[in-house]
Amino acid sequence: VEGDLEVSGGFNWYGIIMVTGSVTFTGGGSDKKNITGGVIAGNEVDASLDLNVAGGSISIVYCSEAIKNLTEQQPLIRMSWKEQGM
């Protein structure tokens, strides 16, 4: 995701979530948010739900198997940068 990601309601994800900005979990009543794999964020991840306001629960579980399955199917992304001279 380029930018910020807001997750609300019931949510299930198997794999990696990559976000250039922030990740916020909101709303959802009794709905559960499940992530099996990993979350990489350029800024913060706010998973501190106020159960009186947002409700539900969050489960973020690191899973090397989910990451392995993803990377076996897709070529690895190579990222690099170069500093520009002034």
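Which residues does S22 touch, not counting those up to four places away in sequence? In this predicted model, S22 touches G3, D4, L5, N43 and E44. The protein contains 1 helix and 6 strands, and buried residues make up 22% of its 86 residues.

**Confidence**
- The average pLDDT of the protein is 76, and 69% of the residues score at least 70.
- Among the elements, strand β2 (residues 11-19) has the highest confidence, at 87, while helix α1 (residues 64-73) has the lowest, at a mean of 76.

**Overall arrangement**
- Read from the N terminus, the elements follow the order β-β-β-β-β-β-α.
- Of the contacts with a separation of 6 or more, 34% are between residues 24 or more positions apart.
- The protein has an accessible surface of about 6,400 Å², and carbon and sulfur atoms account for 51% of this surface.

**The sheet**
- An open sheet is formed by 3 strands in the order β1-β3-β5, with parallel pairing.
- Strands β1 (5-8) and β5 (45-46) are the edge strands, as each pairs on one side only.
- Strand β3 (residues 23-26) runs parallel to β5 and is joined to β5 by 2 bridges.
- T24 has D46 in β5 as its bridge partner.
- In general, the strands of a sheet pair through backbone hydrogen bonds, either parallel or antiparallel.

**Residue S22**
- The loop between β2 and β3 holds S22.
- S22 counts as buried because its relative accessible area is 17%, and the cut-off for buried is under 20%.

Key:
Residues numbered from 1 in each chain as written. Predicted model: local features only at pLDDT ≥ 70, side-chain atom pairs only at ≥ 80, totals over all residues. Heavy atoms only, no water. pLDDT = per-residue confidence, 0-100. Helix = DSSP H or I, 4+ residues; strand = E, 2+ residues; numbered from the N terminus. Pairing = 2+ DSSP bridges. Buried < 20%, exposed > 50% of the residue type's maximum accessible area, 1.4 Å probe, protein only. Contact = heavy atoms within 4.5 Å. Areas by Shrake-Rupley, 256 points an atom, 1.4 Å probe, with all protein chains shown as cover.
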